[in-house]
Amino acid sequence: MRTSPNVIITGTPGVGKTIHCEQLAQETGLRHFSINQVAKDRGCFESFDEELQTWIVDEDKLLDAIEDEMPLGGYLIDWHACDLFPKSWVDLVVVLRCPSTDILYDRLSARGYKEAKLEENIDAEIFGVLMEEAQEAFDEEIVVMLNSEKDEDVESNCARISSWIEAWKKSQAE
Ligand code: DAT
């Protein structure tokens, strides 16, 4: 049984997963688990998509690489997908949203994303692809959606997630 929860922080690229995970790691002591970094470090990339300029992760390899650690709990899982993780490993799924596509566009162009990659990500945000994926993959009571447009949103979202983590730990200890 876990004594610390696993929290997935997901959403379209540029929505603020990293900034939230970094702040939450400091506030809660949970470990920031950037799946991009883990996949890189542990050789879980399958191929490179030239059009989208993105590495494709071999999900089976990735799950094999993390199956001894992640179920133990205490991770903030930072990834733009969530339905690959077994339900039994996951305690909360936070889907970050940026409804103002102008803001998202600026963040992604600042990263130097090319037009095809920009468009694909903006469309994914408009259509709520990640929210739908999370709702289909997990029970509705563990999926929450939070806006991430302004600095104040990061503060209030992190405060809310930190309180949830504390409450979860207390309820497990009872
Ligand atoms: P992700 O990890 O989802 O790709 P990120 O955390 O790297 O996104 O954020 C991308 C950029 O946008 C980065 O410069 C921080 C900024 N940003 C994200 N969320 C924000 C917010 N709510 N308020 C202000 N800036 C934000």
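Helices (H or I, at least four residues) and strands (E, at least two) are DSSP runs, numbered from the N terminus. The model described here is predicted, with local features requiring pLDDT of at least 70 and side-chain atom pairs counting only at pLDDT 80 or more, while totals for chains, interfaces and linings use all residues. Residues are numbered from 1 along each chain as its sequence is written.

**Sheet**
- Five strands form an open sheet in the order β2-β5-β1-β6-β7 with parallel pairing, where two strands pair if DSSP finds at least two bridges between them.
- Because β2 (31-34) and β7 (143-147) stand at the edges with a single partner strand each, one side of each is left without a neighbour in the sheet.
- Strand β1 (residues 7-10) pairs with strand β6 (residues 92-97) in the parallel sense over 4 bridges, and Leu92 in β6 is the bridge partner of Val7.

**Annotated residues**
- UniProt, in an unreviewed entry, places the feature "binding site" at positions including Gly14 and Arg111; UniProt positions are given in the numbering used here, feature names are shortened, and annotations may be inferred rather than shown by experiment.
- Gly14 lies in the loop between β1 and α1, and counts as buried because it has 25 C-beta neighbours inside 10 Å (buried means 20 or more other C-beta atoms within 10 Å of its own, exposed 12 or fewer, and partly exposed in between, with C-beta atoms placed from the backbone).
- Arg111 is placed in the loop between α4 (101-110) and α5 (115-126), and with 10 C-beta neighbours inside 10 Å it counts as exposed.
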